[in-house]
Amino acid sequence: MSEAIPGGPGPARAGPLRSPQGLVAGLTLITLAALALWLTRDLDQGTLRSMGPALLPDWLAIGVGLCGLVLVGMSFTSDGHGLDRWSLRGPVLVILAIVAFAVTIRPFSLGAVSSPGLGLAVAGPLAIIIGGYATPEARLRDLLILAFLLTPFCMILFGDLLNLPIPIFPQKFAELFPATWSQKQILRLTAAFFAGGALLVFLLYPRHHNQSVDAADHSGRI
């Protein structure tokens with residue numbers, strides 16, 4: 001008879017349920033997908049030739065919801081992990097990253113407090129670095145490389161290829177370039193600068209691997 005081990009790799013059966021962790025993960029994804037579809041219900045989807053602001057998030061939410069359904073189904077057919085202890089570090093930092101992104105990408109004001117719109121060029125790396133520290137295994141070097149690669153990818157995808165009306169950088173930054181330059185030229189140069197920054201961090205700061213420590217005293221005791 002198998003015994004449930006919370007967080008362990010062994011089977012964690014409770015009646016027909018064989019993977020409590022998979023069930024919770026699946027239900028969470030389904031909930032997030034439903035919430036995203038509800039929040040974007042008033043936005044226009046547009047067409048494939050002229051994409052609206054809701055097209056990408058809606059289909060992304062549908063994909064996330066389908067993944068959640070698969071996880072829920074597999075939790076009854078495949079052995080998995082039990083539920084582990086909850087830690088506030090992950091949810092708090094992920095929510096903080098979302099809030100930081102929301103209040104920096106566009107101008108924001110709340111009472112006497114206000115912030116200028118800094119665009120995706122600032123809000124993107126900020127959210128990635130803050131959210132990355134949701135895990136205690138996060139390293140600043142790795143987060144910088146991820147931020148400097150993922151941000152220009154999103155800039156080119158949403159601002160250049162899809163022409164979505166997303167603020168990319170502060171207006172003061174655009175005014176530093178010659179007036180003859182178009183917004184897309186500035187966007188591409190900024191994206192290239194970010195990619196170069198990722199390469200620079202990768203080359204200048206090599207990753208240090210943790211060395212294992214032999215804790216045994218060679219007398220049979222640990």
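A pocket, on a 1 Å grid over the protein atoms alone, is an open set of points with protein on both sides within 12 Å along at least five of seven lines, and its lining residues have an atom within 4 Å of a point. With that in hand, let us tour two pockets and two residues. This is a predicted model, where local features need pLDDT of at least 70, side-chain atom pairs count only at pLDDT 80 or more, and totals for chains, interfaces and linings use all residues. Residues are numbered from 1 along each chain as its sequence is written, and side-chain values use heavy atoms, leaving out hydrogens and water.

**The largest pocket**

- The volume of the largest pocket is about 1400 Å³, where a volume is the space filled by probe spheres set on grid points joined across faces, edges and corners.
- Its lining has 30 residues, and those closest to the centre are Pro57, Leu60, Ile98, Phe101 and Phe158.
- Helix 3 provides the largest share of this lining, with seven residues; helices here are DSSP runs (H or I, at least four residues), numbered from the N terminus.
- By class, the lining has 26 nonpolar, three polar and one charged residues (Ala, Val, Leu, Ile, Met, Phe, Trp, Tyr, Cys and Pro count as nonpolar, Asp, Glu, Lys and Arg as charged, and the others, Gly among them, as polar).
- Domain 1 (16-84) and domain 2 (87-206) both give residues to the lining, so the largest pocket lies between them; the domain bounds come from an automatic or database domain assignment.

**The second largest pocket**

- The second largest pocket has a volume of about 430 Å³.
- Among its 13 lining residues, Val24, Ala25, Thr28, Trp86 and Pro91 lie nearest the centre.
- Helix 1 gives the most to this lining, five residues.
- Seven nonpolar, four polar and two charged residues make up the lining.
- Each of domain 1 and domain 2 contributes at least three residues to it.

- Asp160 sits in helix 5 (residues 140-161).
- Asp160 counts as buried because its relative accessibility is 10% (buried means under 20% relative accessible area, exposed over 50%, partly exposed in between, with a 1.4 Å probe and protein chains only).
- Leaving aside residues up to four places away in sequence, Asp160 touches Met155, Lys184, Leu187 and Arg188, a contact being heavy atoms within 4.5 Å.
- Ala192 belongs to helix 7 (residues 183-204) and counts as partly exposed because its relative accessibility is 48%.

Notes:
Helices (H or I, at least four residues) and strands (E, at least two) are DSSP runs, numbered from the N terminus. On a 1 Å grid over the protein atoms alone, a cavity is a set of points where a 1.4 Å probe fits but cannot get out, and a pocket is an open set with protein on both sides within 12 Å along at least five of seven lines; lining residues have an atom within 4 Å of a point.
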